[in-house]
Amino acid sequence: MTEDESDHFDVVIAGAGPAGGQCARDLAARGYDVLVLETEAEAEFPRQSNKSTAGTFPSMMTAFGVPDRLVEKFTDSVVVESPTSHYKQSQPGAVLDFVAFKQWLVADAREKGAEFRFESRVNSPIMEDGRIVGVRYAGGEEVYADIVVDATGPSAPLAKALDVSSLHRTNQAIGIDYKIEGIDLDHEEYADLNGAMMLRLDHDIAPGGYSWIFHTGGDTAKVGVCYIQNERHEELARDGMRIDDYLEYWMDTDPRFADAEPVEGAHILRGSAHIQMPGRLSTDGFMAVGDTVPTIDPLWGEGIHQGMKSGRAAATTADHCLTLDTPDTSAERMSVYEDLWHERVAPNMQTRLLMTELLYLVPNERYDGFIRDLNALSSETLGKANAGSFRSLARLLEPGDLRYLATLAKNRLTDPYNRWNPLS
């Protein structure tokens with residue numbers, strides 16, 4: 001099929017998650033012809049791609065006009081637990097109904113004029129003269145566009161084919177999440193988790209990673225475990241245990257779950273992310289957004305917000321390229337996206353990555369010291385460190401951490417994917 005015989009759009013987006021959906025919303029609102037290709041069937045969407053803990057903060061909801069009706073539970077605090085202690089800070093937040101949230105993105109983008117095609121898995125790029133001009137999807141279907149956006153997450157079929165994606169399995173995070181009921185959220189041995197989002201740092205439960213409880217109302221919560229394929233996981237992982245086994249172990253050993261069980265009919269959520277510096281993010285007529293690009297905050301992840309911001313940055317870039325009298329989608333013009341990504345989506349990425357890797361590398365006894373430090377310092381210290389302030393991160397370090405910093409520095413010298421300077 002030739003281009004003249006096929007559909008042509010200003011922008012084609014692969015993936016209808018937070019990043020792809022937001023990109024479609026913004027571009028359709030600006031009057032562009034937008035097509036979103038989604039792998040799942042519309043009647044079940046998003047059953048297979050419902051992979052988020054759905055925790056977020058008011059800044060995301062305000063910035064993107066997310067209605068309150070999509071929130072399962074508004075929270076008022078965040079908690080960080082170590083094996084023997086905890087830190088609690090007042091912080092408004094929200095746990096979204098992620099299914100309803102993704103469906104709302106589709107409905108709102110459609111209302112603004114975007115077209116969606118479900119059961120349309122993207123297979124490969126269509127190339128002409130060395131640049132992408134369209135995509136093949138659903139087997140043999142073809143569609144063309146001035147700009148193509150890959151929002152498919154870690155699978156990244158287009159980004160990988162264009163040598164834009166640098167995702168690799170080193171330090172990949174693997175997670176699982178259940179909706180649980182019957183939880184004792186105010187157990188005498190632990191912090192009160194009513195109206196809270198809690199992150200637990202404990203290698204016994206999640207070697208090389210973390211676990212969480214996000215209150216969703218009553219005695220229910222989203223409960224999950226994530227481990228990262230790092231050196232600490234290799235050292236402490238139990239033979240034969242999978243991510244499901246670690247969650248089961250936590251529920252069997254933590255008294256808060258003594259009478260708890262999965263909510264009937266609730267889906268088990270599984271997902272992955274990449275803990276690494278990104279490589280290229282764009283090229284001629286192409287951008288990678290959302291989890292197609294490795295982005296993570298040290299403590300709270302906030303993947304939804306990062307995805308939405310990257311989708312918006314891509315929409316802004318597309319407008320920048322297509323609004324000219326003669327559209328220019330050259331790699332040079334498209335590189336505005338990379339500037340916006342590092343400025344607005346993941347600023348101070350290098351320092352934040354340092355904190356992330358250091359946080360999940362240190363041993364359990366260091367987590368107790370970390371909680372002690374948090375309780376002794378101002379509440380702003382954690383937020384600033386999480387945002388990438390090297391000075392605030394330094395205030396959380398102890399002399400014994402130097403050996404772990406040395407380990408990370410050594411890894412950087414030998415890892416072609418993650419070379420960086422934390423002071424730059």
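Let me start with two residues that you can find on the screen, Tyr-210 and Trp-212, which are both buried, where buried means under 20% relative accessible area, exposed means over 50%, and partly exposed lies in between, with a 1.4 Å probe and protein chains only. Please keep in mind that this is a predicted model, in which local features need pLDDT of at least 70 and side-chain atom pairs count only at pLDDT 80 or more, while totals for chains, interfaces and linings use all residues. Residues are numbered from 1 along each chain as its sequence is written, and side-chain values use heavy atoms, leaving out hydrogens and water.

Tyr-210 and Trp-212 also form a tilted aromatic pair, with 5.7 Å from centre to centre and 40° between the planes. Rings of Phe, Tyr and Trp (its six-membered ring) pair if their centres lie within 6.5 Å, and planes under 30 degrees apart count as stacked, over 60 as edge-to-face, and the rest as tilted. The structure holds eight aromatic pairs, and ring pairs link Phe-45, Phe-116 and Phe-118 into a cluster.

Now to the nonpolar cores, each being a set of buried Ala, Val, Leu, Ile, Met, Phe, Trp, Tyr and Cys residues joined through side-chain atoms within 4.5 Å. The largest has 90 residues, and among those with the most contacts inside it are Ile-13, Val-135 and Phe-370. A second, separate core of 25 residues includes Met-198, Ile-213, Tyr-246 and Trp-250.

Finally, Arg-256 lies over the face of Tyr-190, at 3.7 Å from the ring centre, and Arg-238 lies over the face of Tyr-249, at 4.6 Å from the ring centre.

Terms used. A charge sits over a ring if NZ of Lys or CZ of Arg is within 6 Å of the ring centre and within 35 degrees of the ring normal.
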